[in-house]
Amino acid sequence: MKAMTIMIIRKVLNSVITLLLVIILNFALFRLMPGNPINVMVPPDPRIPAEYKQHLIDEYGLNDPMYVQFFTYIKNALLFKFGDSFTDPGTPAMSIVLSNLKWTLILAGTSSILMIVIGMAIGIASAWKRGSLFDSGSLAFTLFFYAMPTFWFSMMLIAIFATGLNWFPDSGALKFGTRPEWTWASFVDLIRHLILPAASLTLGAIGEFALIMRGSLADVMTEDYITTARAKGLRERDVMRYHAVPNAMLPMVVLIAMTLAFVVGGVFQTEIVFNYPGVGYLTIKATYDLNYPILQAAFFLIAVIMIIAVFIADLLIIMMDPRISVG
Amino acid sequence: MTSEVRRRGLSGPTIERLRLLRKKTVATWKVYRRNRMGMIGLVALLAFVVISVFAPQVMWVLSHIAGWPSVYGPFDEIAPVGSGLPPTKDHWLGTDFRGNDILTRTIYGSRVSLLIGLVATLVSMGLGTAVGLFSGFWGGWRDEVLMRVTDVFLVLPWLVLMIVLAALLPGGPSVMKVVFVIGITGWSGTARMVRAEVMSIKNWTFVERARSAGAGDYYIVRKHIFPNVFPLVFANSVLTVALSILSESTLSFIRLGPDPTRVVTWGNMLEDAMTGHAFLNDLYLWILVPGLCIVFVVLSFTLIGSALDEIFNPKLRKR
């Protein structure tokens, strides 16, 4: 128990340090910009009233010495304050990012669950029947999708199923001009818009999970306790279900956390191709408009979410691994 | 080979080391040759490399065989500027909205895609290996500091970090910038891997022996530790090239790569195809061909890398 507590405290400390380093990185990056740091926080548009600009300079202390600015920045970052969006003055950047976050969560959540479940099932099946046609087939499938850029696969899906067959809409999260409502029609519309982007994300990543699961199981299958289980006369099914799969889960959890960072990268690409109004779409649009507050807010929010996700994964590993939890 | 080396005045130990290196390379090749997937990848990659290096010559030969009116260049306006034309006898894949021949652009596009993939990999592997070597070798507080920095890069999604860096770095879009951005975002995984490997190597007796003979840190890392992690680093570099090429195409696709009017990459061709509404104009080959090129190049690097990994990675060899 004691070893476990120490480990958890260590993980908490590491996460806090990582968070602080992310804030420092964020601060440094956005002040690497040539010219005045004021350009990063105050919209350059001359039509915007000077009082509003002065108000922003005062509020974020942009004329203070650098070290004062740094501490103001840390304080503001922890309060999620990154200034107002350049394109709509008066609206905090973070609130725009947060309002787009729900779409990213819907898209990433749906496809993450699908890719983990389907990927693991394929991985188990191919590890069970190693060297079979199914095994080599799924390996080829995996490699092909691994080598495929997500944005290109999304474009192909649009070409075939949206503009070609006209089965699904090619852009947006809902019919143009509508807002999400708690009605059946709205829900069906949401699903119709979700299918293609979710399919492109899921199919692209299934392979990776299948490969990890297969590798992890292949390692476990060489262990002595599997031979023992077989010698006891257990059916192959039960050896798999009760002895092999549970032990192969540990590396799986580690890798799910690691792969999450890649899922985010995939979501960004899918969103831009499908004009799906999530955080990725917003962020990439912000780079075109040089909308720095949005860029900072999105970058920070994603970093925080990732740090929390990795921390949870670490906790799960500590709980699951008997070598740690028993002592 | 030996006599040539001797003429250049190299010392005895150097010759011995070169002979050993050749012996190892030959041995590795013998194992590699038996890996079917690895060989397929190698042949496919060689084909791509030949086409990219001799792109102008390939175009010359093609235009003479097919009887095209001229030898096209990737930026030549040989068709009306506008929405692009479907494939014809003179333009096998059609033309894009810039009036450029799509086949020509695809062939020239291999150059920058391969180049960026290779150079960015050198940057990220160099950085990752250096951090991993010293972090693992030193241990203690220096390891702690380096690992916390590594964590930051590991936890941030690669694409998000790349987007922010590419958007913020001063100067317009350029090949150098893309190389820098991909290199600086891709080293953390390597650092972790090398560190783990070093931590298991550094307790071997030969390191102890070197130290008691008075060798310094830098010398031990260079002469004793690095040669032992090199094969693994090499196998992973090949896999990293695949990822770097994917990163380059993604960055170019979201318009953060090099300028498409001056540099062709498969990524910015696909971005053109998207803004040019290639789907609606029935120019499917405009999307299909550059995309498949990316897939096959990435696939061949992945096959080669996995084959090498199977040879060099002690954890995989066991199976």
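User: Before we start, how are things numbered, and which cut-offs apply to the predicted model?
Analyst: Residues count from 1 along each chain as its sequence is written, while chains are lettered from A and ligands numbered from 1 in the order in which they are written. Since you asked about confidence in this predicted model: local features need pLDDT of at least 70, totals for chains, interfaces and linings use all residues, and side-chain atom pairs count only at pLDDT 80 or more.

User: How many helices and strands does chain A have?
Analyst: Helices here are DSSP runs of H or I with at least four residues, strands are E runs of at least two, and both are numbered from the N terminus. Reading chain A from the N terminus, the elements go α-α-α-α-α-α-α-α-α-α-α-α-α. The C-alpha atoms fill a box of roughly 80 × 60 × 40 Å along the principal axes. The count for chain A is 13 helices and 0 strands.

User: What share of chain A is buried?
Analyst: A residue is buried if 20 or more other C-beta atoms lie within 10 Å of its own, exposed if 12 or fewer, and partly exposed in between, with C-beta atoms placed from the backbone. Chain A has 327 residues, and the buried share is 36%.

User: Which helix of chain A gives the most to the side that touches chain B?
Analyst: Contact means that the C-beta atoms of two residues, placed from the backbone, lie within 7 Å. Chain A brings 40 residues and chain B brings 34 residues. On the chain A side, α1 (2-31), α6 (133-146), α7 (150-164), α10, α11 and α12 (292-320) each supply at least two residues. The top contributor, with 8 residues, is α1(A).

User: How many charged residues are on that side of chain A?
Analyst: Ala, Val, Leu, Ile, Met, Phe, Trp, Tyr, Cys and Pro count as nonpolar, Asp, Glu, Lys and Arg as charged, and the others, Gly among them, as polar. The side of chain A that touches chain B splits into 33 nonpolar and 7 polar residues, and the charged tally is none.

User: Which residues of chain A does B:V160 touch beyond its sequence neighbours?
Analyst: B:V160 sits in the largest nonpolar core, a set of 153 residues where B:V160 and B:V298 touch the most other members. Such a core is a set of buried Ala, Val, Leu, Ile, Met, Phe, Trp, Tyr and Cys residues joined through C-beta atoms within 7 Å. Leaving out neighbours within four places in sequence, the contacts of B:V160 are A:V264, A:F268, A:F299 and A:I302.

User: What do the buried residues of α12(B) pack against?
Analyst: This helix is mostly covered, with 9 of its 10 residues buried, including B:W266 and B:M269. Just after α12(B), B:H277 takes a positive phi of about 50°. The packing partners of the buried residues are α5 (102-138), α11 and α13 of chain B, plus α7 of chain A.

User: Why does B:S300 count as buried?
Analyst: B:S300 belongs to helix α13 (residues 284-312) of chain B. Setting aside neighbours within four places in sequence, its contacts are B:G41, B:A44 and B:L45. B:S300 is classed as buried because its C-beta neighbours inside 10 Å number 26.

User: Is A:N275 buried or partly exposed?
Analyst: A:N275 lies in the loop between α10 (236-274) and α11 (279-289) of chain A. Its phi is positive, about 50°, although A:N275 is not a glycine. With 14 C-beta neighbours inside 10 Å, A:N275 is partly exposed.
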